[in-house]
Amino acid sequence: MIPVRLRLQNFLSYGDDAPALDFEGIHVACLSGGNGQGKSALLDAMTWALWGEARKSSDLRKPDEELLRVGSRAMEVDFAFRVGGDELRVVRSYSQSASGKTSKPGLELQVRDGDDWRPLTAESVKATQAAIDARVGIDYETFINSTFLL
């Protein structure tokens, strides 16, 4: 998997106006900076987009709430990457009602088709996640224990 572009909205420390990260032409990257400046959040955003998992407490009833920027009701991560000759795009979102009592997850999978994106999103989040897993060829647990060490 080769990252191409990452866009965050209200994910952890990143707000509405965070600029997209373009990875084109980057072969090796080093994230540096002080504590709390968002380095880990970028990596968490990629894993959350792909697998719905990041640095959250999975034992919570609504674990994605921990990833939502303070004061926000909706977040989205848009992650484009190359795998197996295809350029894919995953857009994962999470939103809360005004009362905070209900929430709604969203998940889209797309493939580059010329200058456009063709949808591969299935009939449910679970089915779309299965399609992502099949395309990426690795699950979250394997990824964090072999490629990305928490």
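What pLDDT does the chain average, and what percentage of the residues score at least 70? In this predicted model, the chain averages a pLDDT of 89, and 93% of the residues score at least 70. The legends below take the structure view by view.

**Figure 1. Confidence along the chain.**
Helix α3, residues 140–146, has the lowest confidence in the chain, with a mean of 84. Confidence is highest in strand β6, residues 116–119, where the value is 97.

**Figure 2. The open sheet and its strand order.**
Six strands form an open sheet, and their order is β2-β1-β3-β4-β5-β6. The pairing in this sheet is antiparallel. Strands β2 and β6 are the edge strands, each pairing on one side only.

**Figure 3. The hairpin of β3 and β4.**
Strands β3 and β4 pair in the antiparallel sense over 10 bridges. A74 stands opposite S95 in β4. Two residues lie between the strands of this hairpin, where G84 takes a positive phi near 55 degrees. Strand β3 is mostly covered, with seven of its 10 residues buried.

Is D78 buried or exposed? Its relative accessibility is 2%, so D78 counts as buried. The side chain of D78 makes a polar contact of 2.6 Å with the side chain of R89. When neighbours within four places in sequence are left aside, D78 is in contact with R5, L6, R7, R89, V90 and V91.

E76 has a relative accessible area of 21% and is therefore partly exposed, since buried means under 20%. The side chains of E76 and R7 are joined by a polar contact of 2.4 Å. With neighbours within four places in sequence again left aside, E76 is in contact with R7, L8, Q9, V91, R92 and S93. One of these residues, L8, is 68 residues from E76 in sequence, yet the C-alpha atoms of E76 and L8 are 6.0 Å apart in space.

**Figure 4. The hairpin of β4 and β5.**
Nine bridges join β4 to β5, and the two strands run antiparallel. Y94 stands opposite P105 in β5. The hairpin has six residues between its strands, and G100 in the turn has a positive phi of about 80 degrees.

Strand β5, residues 103–113, pairs with β6 in the antiparallel sense over four bridges. Two facing pairs can be followed here: R112 stands opposite W117 in β6, and D113 stands opposite D116 in β6. The hairpin has two residues between its strands, and G114 in the turn has a positive phi of about 70 degrees.

**Figure 5. Helix α2 across the sheet.**
Helix α2, residues 125–136, lies across β3, β4 and β5. The helix runs at about 40 degrees to β5.

Helix α1 consists of 13 residues, 39–51. At 1.5 Å a residue, α1 should span 18 Å, and its end C-alpha atoms are 19 Å apart, which agrees. Why is α1 described as largely enclosed by the rest of the structure? The reason is that 10 of the 13 residues of α1 are buried. The buried residues are A41, L42, D44, A45, M46, T47, W48, A49, L50 and W51. After α1 comes G52, whose phi is positive, near 70 degrees.

**Figure 6. The loop between β1 and β2.**
Which loop contains N10? N10 lies in the loop between β1, residues 2–9, and β2, residues 21–22; L12 also lies in the loop between β1 and β2. Although N10 is not a glycine, its phi is positive, at about 60 degrees. L12 is likewise not a glycine, and its phi is positive at about 50 degrees. N10 has a relative accessibility of 8%, so this residue counts as buried.

Technical notes:
Residues numbered from 1 in each chain as written. Heavy atoms only, no water. pLDDT = per-residue confidence, 0-100. Expected span 1.5 Å × (residues − 1). Buried < 20%, exposed > 50% of the residue type's maximum accessible area, 1.4 Å probe, protein only. Polar contact = N/O pair within 3.5 Å; in protein donor to acceptor, adjacent residues only side chain to side chain. Contact = heavy atoms within 4.5 Å. Pairing = 2+ DSSP bridges. Axes fitted to C-alpha atoms, helices over the stretch in contact; angles between N-to-C directions.
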